[in-house]
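Please keep the sequence and the three-dimensional view at hand while reading.

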Amino acid sequence: MSSPRPSFLCPSSMLLLLLLVCSVFLVSAGNFYQDFDITWGDGRGKILNGGQMLTLSLDKASGSGFKSNKEYLYGKIDMQLKLVPGNSAGTVTAYYLSSQGPTWDEIDFEFLGNVSGQPYTLHTNVFTQGKGNREQQFHLWFDPTKDFHTYSILWNAKHIIFFVDGITIRVFRNMEGIGIPFPKNQPMRIYSSLWNADDWATQGGRVKTDWNNAPFVASYRNFNANACVWSSRGSSSCGSKSLESVSDNNSWMNYEPDSNNRKWLRWVRKNYMVYDYCADASRFPQGFPTECKRL
């Protein structure tokens, strides 16, 4: 799929609607001391402001990362990120849900850095039972290094939906009926990391990390999880509630994309999608994956 002209500006006909949507998309703040554990980086990950902010840094010696203390089986996860500014070529800021084991499930946001003045690439993927290769990539309609923006994953029994500032950018539907596995049995933790991937991240690895710009820093705030927490006893905090009987506070459980979501999805795909595995005929000479017929 050909790339649209890189731009951080919305088409003028959509700008007012976009501002209205962003203005009402608010999240409540969690506490990083309580909710997360910095798992690697030898001090390069830091929790600040009494637990209201977390930063990860990368230098030539190491990157850094964290994971959630809780596991979730379905939910809506929000996080505000401000990405590495300036020349971020070669760096990857990953923010994702994942289970463990050889047949893991995973739902990915990955932000691929670029040289100064060129847009980040937002890389998304969905793994089911250890199989991924479902990449969709986007440029953004704003500069994600200038301010915090909200990146959300909604995961229920019917859909996985990716949002940016409340705008739907991708929908992966439950297609078990045609033999496509869907994440539904394995609880997942939230993970994030900032690391060097200059062998592939920027222009296919042609542009390398410039360590003169280190340390590279990404910032996080306003984490919110409206989700079913999985206990060590193997049970969910949502109990045996059916999808039809949950309260309004758990409306994500019944969430279905409506006409407004589909309108924004079409807008994003038309103006900002730069890669879709379901449009890459050279990659699948024997025919596209089965789910591509239903997306």
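## The annotated site

Two residues are in contact when heavy atoms of one lie within 4.5 Å of heavy atoms of the other. By this criterion, and leaving aside residues up to four places away in sequence, Glu-106 touches Tyr-96, Leu-97, Ser-98, Asn-125, Val-126, Phe-127 and Met-188. The model examined here is a predicted one. Glu-106 belongs to strand β7, which covers residues 106-112.

Is Glu-106 buried or exposed? Its relative accessible area is 13%, and a residue counts as buried under 20%, so Glu-106 is buried. An unreviewed UniProt entry places the annotation "active site" on Glu-106 and Glu-110. Such annotations may be inferred rather than shown by experiment.

## Confidence in the model

The chain has a mean pLDDT of 89, and 86% of its residues reach 70 or more.

## An open sheet of seven strands

In which order do the strands of the open sheet stand? The order is β2-β3-β14-β5-β10-β11-β12, and the pairing is antiparallel. Strands β2 (46-48) and β12 (167-173) stand at the edges; each has a single partner strand, so one side of each is left without a neighbour in the sheet. From one strand to the next, the twist averages 25°.

One pairing within this order can be followed in detail. Strand β3, residues 53-58, runs antiparallel to strand β14, residues 216-230, and six bridges join them. Within this pairing, Thr-55 stands opposite Ser-219 of β14. As a general rule, the side chains of a regular strand alternate between the two faces of the sheet.

## The partners of strand β13

Strand β13 (residues 189-196) pairs with strand β4 (residues 64-68) in the antiparallel sense, over four bridges. In this pairing, Gly-65 has Ser-193 as its bridge partner in β13.

Strand β6, residues 91-98, also runs antiparallel to β13, and eight bridges join the two. Here the bridge partner of Tyr-95 is Ser-192 in β13.

## Two disulfides

A disulfide is a covalent bond between the sulfur atoms of two cysteines.

Another disulfide joins Cys-278 to Cys-292, at a distance of 2.0 Å from S to S. Both cysteines lie in the segment after β15 (273-276), so the pair ties together parts that are 14 residues apart in sequence. The torsion about the S-S bond of Cys-278 and Cys-292 is about -80°, and therefore this disulfide is left-handed. Cys-278 counts as buried because its relative accessibility is 16%. Cys-292 is buried, with a relative accessible area of 16%.

Most residues other than glycine have a negative phi, and most peptide bonds are trans. Ala-214 and Pro-215 are joined by a cis peptide bond, with omega about 0°. Pro-215 is located in the loop between β13 and β14.

Asn-133 is not a glycine, yet its phi is positive, about 60°. This residue is found in the loop between β8 (121-127) and β9 (136-138). With a relative accessible area of 44%, Asn-133 is partly exposed. Asn-222, which lies in strand β14, likewise has a positive phi, near 50°. Its relative accessible area of 21% makes Asn-222 partly exposed.

How values were computed
Residues numbered from 1 in each chain as written. Predicted model: local features only at pLDDT ≥ 70, side-chain atom pairs only at ≥ 80, totals over all residues. Heavy atoms only, no water. Pairing = 2+ DSSP bridges. Axes fitted to C-alpha atoms, helices over the stretch in contact; angles between N-to-C directions. Disulfide = S-S within 2.5 Å. Buried < 20%, exposed > 50% of the residue type's maximum accessible area, 1.4 Å probe, protein only. pLDDT = per-residue confidence, 0-100.
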